[in-house]
Amino acid sequence: MGEVDSIELKFRIFDGTDIAHTNYASTTTVATLKERLVAQWPQDKTVIPKSVNDVKLIYAGKVLENTKTLAESRIPFGDLPGGVTTMHVVVQPSLARKKTGIKLSCPFHILFNFRVLQLQTLKLC
């Protein structure tokens, strides 16, 4: 029977605190990681996710997809012998998304023109 690769991960939240530091199998899904983070979230923080949908995991500058496993997300297994891989956690509660008025069906792109230092907004729909 084949052996499943594992990786030591820790998750850094907005204030620099690390949580859920342990080994995870390469077959673990991103959604499973998020469930564990929500369950283990420190309750003394000012921002607390209420559900998996409030949490985004970032590794190497990419937001990881819930349906993918760590292996499918191209997390390096065995590249850092004895090392720990850090993922960053962003919490955006659904209430905050509603308050900002951001509509996913009609996104805006903010364009910066650094030569004249002006800001332009481009509506895509």
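Student: What makes the 5 strands a sheet, and in which order do they stand?

Tutor: Two strands pair if DSSP finds at least two bridges between them. Here 5 strands form an open sheet in the order 2-1-5-3-4, with mixed pairing. Strand 2 (18–25) and strand 4 (62–63) each have a single partner strand, so one side of each is left without a neighbour in the sheet. By the way, this is a predicted model: local features need pLDDT of at least 70, side-chain atom pairs count only at pLDDT 80 or more, and totals for chains, interfaces and linings use all residues. Residues are numbered from 1 along each chain as its sequence is written, and side-chain values use heavy atoms, with hydrogens and water left out.

Student: How do you know that strand 3 and strand 5 pair, and in which sense?

Tutor: The cut-off is at least two bridges, and strand 3 (residues 55–59) and strand 5 (residues 85–91) have 4 bridges, in the antiparallel sense. Leucine 57 stands opposite valine 89 in strand 5, and isoleucine 58 stands opposite histidine 88.

Student: And what joins strand 1 to strand 5?

Tutor: 4 bridges again, but these two run parallel. Arginine 12 stands opposite histidine 88 in strand 5.

Student: What counts as a strand or a helix anyway, and how many are there?

Tutor: Both are DSSP runs numbered from the N terminus: helices are H or I with at least four residues, strands are E with at least two. The protein chain comes to 2 helices and 7 strands, in the pattern β-β-α-β-β-β-α-β-β along the sequence.

Student: Why is threonine 85 called buried?

Tutor: Buried means under 20% relative accessible area, exposed means over 50%, and partly exposed is in between (1.4 Å probe, protein chains only). Threonine 85 has 6% relative accessibility, so threonine 85 counts as buried.

Student: How much of the protein chain is buried?

Tutor: Buried residues make up 27% of the 125 residues.

Student: Which residues of helix 1 are buried, and what covers them?

Tutor: They are Val30, Leu33, Lys34, Leu37 and Val38. They cover an arc of only 135° around the axis, which puts them on the same side of helix 1; the arc is that of the directions from the helix axis to the C-beta atoms. Their cover includes strand 1, strand 2, strand 3 and strand 5.

Student: What makes a group of residues a nonpolar core, and which have the most contacts in the largest one?

Tutor: A nonpolar core is a set of buried Ala, Val, Leu, Ile, Met, Phe, Trp, Tyr and Cys residues joined through side-chain atoms within 4.5 Å. The largest has 22 residues, and those with the most contacts inside it are Leu9, Phe11, Leu57, Leu70, Ile75, Met87 and Val89. Strand 1, strand 2, helix 1, strand 3 and strand 5 each supply at least two residues of this core, and helix 1 gives the most, with 4 residues.

Student: Which residues does leucine 70 touch?

Tutor: Contact means heavy atoms within 4.5 Å. Not counting residues up to four places away in sequence, leucine 70 touches Ile7, Leu9, Tyr24, Ala25, Ser26, Thr28, Leu33, Ile75, Phe77 and Met87.
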